[in-house]
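Hi everyone, thanks for making time. I'd like to walk you through a few spots in one structure, so please have a look at it first.

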2 protein chains.
Amino acid sequence: MQYPQHTETRFDKSSEELELECTSWRFAVETNNLSPWKTIPEECESYVKDYMMGRGYKADLERVSSEAGIYAMSLQLSGDGKDVWVFDVDETLLSNLPYYADHGYGLEIFNPVEFDKWVYRGMSPGIEPSLKLYEKVLNLGFKVFLLTGRSEKQRSITIENLTKAGFRSWDKLILRDSEDHDKPATVFKSEKRSKMVEEGYRILGNSGDQWSDLSGSSPSNRSFKLPNPMYYIP
Amino acid sequence: MQYPQHTETRFDKSSEELELECTSWRFAVETNNLSPWKTIPEECESYVKDYMMGRGYKADLERVSSEAGIYAMSLQLSGDGKDVWVFDVDETLLSNLPYYADHGYGLEIFNPVEFDKWVYRGMSPGIEPSLKLYEKVLNLGFKVFLLTGRSEKQRSITIENLTKAGFRSWDKLILRDSEDHDKPATVFKSEKRSKMVEEGYRILGNSGDQWSDLSGSSPSNRSFKLPNPMYYIP
């Protein structure tokens with residue numbers, strides 16, 4: 001791969017300065033304040049690596065899982081089988097961190113061919129705090145719908161990977177069909193949520209690491225943003 | 001005021017542990033992952049103070065202003081006077097940090113009587129990065145609508161304070177009328193945005209420090225979340 005050529009900023013700034021700047025960048029990512037972006041800032045590579053591999057990412061995953069769990073338990077479900085929790089898959093239930101660790105934690109421009117190879121290995125580890133939430137909402141009686149930007153062609157490897165990672169008993173696994181491939185994720189996911197609503201489902205919870213999982217039409221009653229400073233999907 | 005009685009957690013945890021935990025809490029606040037909350041976590045008082053008084057808050061304000069500015073400049077306005085940028089007032093254009101510094105940075109339960117006294121002093125400083133964005137969007141030809149949860153009774157002091165802080169030439173200042181007082185901010189602000197849309201305005205940008213400024217119906221084409229770890233408005 002090719003790294004950008006100008007690396008001086010990496011060494012010009014104090015580590016405190018960089019920490020401040022990259023934390024500010026991360027908050028801009030997580031609050032959806034940034035324009036569509038393709039790679040992480042070069043000077044934040046170490047910051048993103050430390051966050052993802054250290055305790056920060058784990059702490060954030062655990063908090064979003066526990067907050068979502070508190071909310072799920074606070075609801076009185078109708079019992080008619082129409083109460084739904086939607087989960088995204090990548091960086092929500094399954095982690096591609098091993099792949100991104102080998103590709104600069106978001107510093108390299110996304111390579112769909114390489115990433116597909118990784119997906120077809122079916123080796124993405126489960127995100128433990130999300131598995132905890134997943135089991136909680138199933139036990140509470142929610143219908144669980146998985147809504148992913150992965151291709152319909154990847155259905156069987158996705159099922160295999162999810163199962164291996166401990167995810168079971170979902171009610172629907174919705175992938176991108178051929179007519180969906182050119183749609184931005186926000187459009188594709190909004191259409192699928194609207195279909196759920198038309199079918200009489202109530203979307204009470206939605207967990208995703210991208211704002212394109214959570215915004216758009218037919219939004220969930222409450223949405224939970226998992227952390228992901230490595231990549232952006234419009 | 002009364003502080004909660006159990007203070008041992010403050011001293012049990014290492015400062016690194018606390019930093020991690022309070023950063024994670026702040027992430028959950030800024031991404032709207034938390035249930036409605038009334039006060040900041042007691043153990044995060046120093047963290048919130050350091051963030052608000054130090055360079056972190058300033059860096060985040062500057063980033064959101066610059067990202068919004070880049071977006072504003074990227075748009076081709078219609079020239080028919082119907083392109084709108086909406087700004088919230090408190091913690092978006094005007095800062096109440098001097099008030100909150102005297103009230104535990106969000107550790108004290110909100111006291112509307114005391115806060116109103118502060119508002120009537122008309123001494124809230126302007127938020128400089130927001131003033132920069134404000135002037136930019138005015139110069140670009142946006143209509144500027146200020147949409148605030150402040151009461152209609154506070155119109156003149158709000159005008160006085162805004163003017164003193166350098167904000168001028170807005171097109172509308174929308175405050176809460178008597179019939180709006182019991183509405184959650186999300187409802188009140190959604191209604192007012194819907195009215196704008198009915199009147200033919202296009203809401204292209206929206207800046208606010210609360211998710212209740214930005215979510216709900218008739219959302220802006222793009223929304224910009226300013227940081228505010230001190231308080232939550234539903």
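Leaving out residues up to four places away in sequence, Ser95(B) touches Trp118(B), Ser124(B), Pro125(B) and Ile127(B). Please keep in mind that this is a predicted model. In chain B, Ser95(B) sits in the loop between strand E1 (83-87) and helix H5 (97-101). Is Ser95(B) buried or exposed? Its relative accessible area is 9%, and because the cut-off for buried is under 20%, Ser95(B) counts as buried.

Now over to a pair of strands in chain B. Strand E4 (residues 202-208) and strand E5 run parallel, joined by four bridges. In one of those pairings, Asn206(B) has Ser223(B) of E5(B) as its bridge partner. Side chains in a regular strand alternate between the two faces of the sheet. For E5(B), residues 222-225, both faces are covered. Arg222(B) and Phe224(B) lie on one side, Ser223(B) and Lys225(B) on the other, and all of them are buried.

Last stop, where two chains meet. Which residues does H2(A) bring to H2(B)? They are Thr23(A), Arg26(A), Phe27(A) and Glu30(A), and they meet Thr23(B), Arg26(B), Phe27(B) and Glu30(B). The crossing of H2(A) past H2(B) is right-handed.

Technical notes:
Residues are numbered from 1 along each chain as its sequence is written. Chains are lettered from A and ligands numbered from 1 in the order in which they are written. This is a predicted model: local features need pLDDT of at least 70, side-chain atom pairs count only at pLDDT 80 or more; totals for chains, interfaces and linings use all residues. Side-chain values use heavy atoms; hydrogens and water are left out. Buried means under 20% relative accessible area, exposed over 50%, partly exposed in between (1.4 Å probe, protein chains only). Helices (H or I, at least four residues) and strands (E, at least two) are DSSP runs, numbered from the N terminus. Two strands pair if DSSP finds at least two bridges between them. Contact means heavy atoms within 4.5 Å. A crossing is left-handed if the near helix is turned anticlockwise from the far one by less than a right angle, and right-handed if clockwise.
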